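Let's take a walk through this structure together. Have the sequence and the 3D view ready as you read.

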Amino acid sequence: MDNFQASESILTSAIENTKVGQSVSAAENFLFLELPAQFAGGALLSAGWRATGIV
């Protein structure tokens, strides 16, 4: 377990302290958090418009 925690600490440090790590982290956030939220938000907005008869 100590080896896992040490490895996780090194990985976290590398992500936070390198430009490449920050770039990859930003891309992952966009792909896995922001983009799906935009699709879900658009779907909810569209469903709301259909429910009110606007579209």
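L11 is exposed, with 52% relative accessible area; here, buried means under 20%, exposed over 50% and partly exposed in between, using a 1.4 Å probe and protein chains only. This residue sits in helix α1, where helices are DSSP runs of H or I with at least four residues, numbered from the N terminus. L11 and N29 are 18 residues apart in sequence, and their C-alpha atoms are 17 Å apart in space.

Before going on, a word on what you are viewing: this is a predicted model, in which local features need pLDDT of at least 70 and side-chain atom pairs count only at pLDDT 80 or more, while totals for chains, interfaces and linings use all residues. Residues are numbered from 1 along each chain as its sequence is written, and side-chain values use heavy atoms, leaving out hydrogens and water.

How do α1 and α2 cross? The axes of α1 (residues 2-17) and α2 (residues 19-52) come within 5 Å and cross at roughly 90 degrees. Each axis is a line fitted to C-alpha atoms over the stretch in contact, and angles run from 0 to 180 degrees between N-to-C directions. The two helices are therefore roughly perpendicular to each other, a label for angles of 65 to 115 degrees.

Now look at where they touch, with contact meaning heavy atoms within 4.5 Å. A14, I15, E16 and N17 in α1 meet K19, G21, Q22 and S25 in α2. The residues of this contact divide into 2 nonpolar, 4 polar and 2 charged.

Next, follow α2 itself. At 1.5 Å a residue, its 34 residues should span 50 Å, and the end C-alpha atoms are 47 Å apart, which agrees; the expected span is 1.5 Å times one less than the number of residues. Centred on F30, α2 has a kink of about 35 degrees, the bend being the angle between axes fitted to the seven residues ending there and the seven starting there.

After α2 comes G53, with a positive phi near 85 degrees. G53 counts as exposed, at 55% relative accessibility.

Key. Parallel < 35°, antiparallel > 145°, perpendicular 65-115°, else oblique. Nonpolar A, V, L, I, M, F, W, Y, C, P; charged D, E, K, R; others polar.
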